[in-house]
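User: Happy to look at this one with you. Could you walk me through its pockets and aromatic contacts?

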Amino acid sequence: NFVIMFFINFKVAAAIGKGIVDPSGVTLFVVFGCLAGAIVWNLITWVLGMPTSSSHALIGSLVGAAITASGWNVVNVDGLTKILVFIIAAPIIGFALGAAINTVIRNIWPKEEAWQDTWFRRLQLVSSACYSMGHGANDAQKTAGIVFLILLASGMLSPTDPVPMWAIWTSFVVMGLGTLV
């Protein structure tokens with residue numbers, strides 16, 4: 001979760017902080033409503049055993065809270081459209097890549113052999129590391145974006161300011177420590 005911070009840009013943090021709703025429509029009540037809505041939805045889906053995305057819950061709650069506070073004109077349609085497209089596209093792309101990779105591997109080695117078990121166990125570590133980096137690349141940045149919104153709503157930053165590096169660093173460190181523990 002932490003290492004990936006040194007290899008990526010921070011567009012997710014900026015998108016959460018500035019790209020989904022107009023920052024001028026964000027108040028501390030909007031941020032609270034956003035977080036409360038996302039938490040309640042995640043708890044409901046957890047209790048019901050439904051698959052869900054915390055990212056999408058957060059984005060939906062942010063949009064809903066901002067609309068409730070400031071009206072529909074606060075929504076950045078272009079930014080929200082990019083997210084909505086990938087809400088649909090990401091599972092399809094993941095399915096297609098998984099099926100393609102599985103097909104290639106099954107065609108190269110149609111019979112299971114003992115050495116494959118050893119290698120694929122080792123490759124699972126690589127896969128886990130990649131998954132963890134992807135998790136950090138997105139979830140830590142979402143946290144930094146929310147911190148930006150809090151700072152913006154409290155008057156400590158202006159909408160033209162970048163997401164502070166200390167907020168990004170802190171988010172990555174906390175996410176990494178949370179995964180470590």
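User: What volume does the largest pocket have?
Analyst: This is a predicted model, where local features need pLDDT of at least 70, side-chain atom pairs need 80 or more, and totals for linings use all residues. Residues are numbered from 1 along each chain, and side-chain values use heavy atoms, without hydrogens and water. A pocket is an open set of points on a 1 Å grid where a 1.4 Å probe fits, with protein on both sides within 12 Å along at least five of seven lines. Filling the points, joined across faces, edges and corners, with probe spheres gives the largest pocket about 610 Å³.

User: Which element gives the most to its lining?
Analyst: Lining residues have an atom within 4 Å of a point, and the largest pocket has 21 of them. Helices are DSSP runs (H or I, at least four residues), numbered from the N terminus. Two or more residues each come from α1, α3, α4 and α5. With 6 residues, the top contributor is α5.

User: How are the rings of tryptophan 109 and tryptophan 115 arranged?
Analyst: Rings of Phe, Tyr and Trp (its six-membered ring) pair if their centres lie within 6.5 Å; planes under 30 degrees apart are stacked, over 60 edge-to-face, the rest tilted. Here the centres are 5.4 Å apart and the planes at 80°, so the pair is edge-to-face.

User: Which residues form the aromatic cluster?
Analyst: Tryptophan 109 also pairs with phenylalanine 120, at 6.4 Å centre to centre and 85° between the planes. The cluster is Trp109, Trp115 and Phe120.
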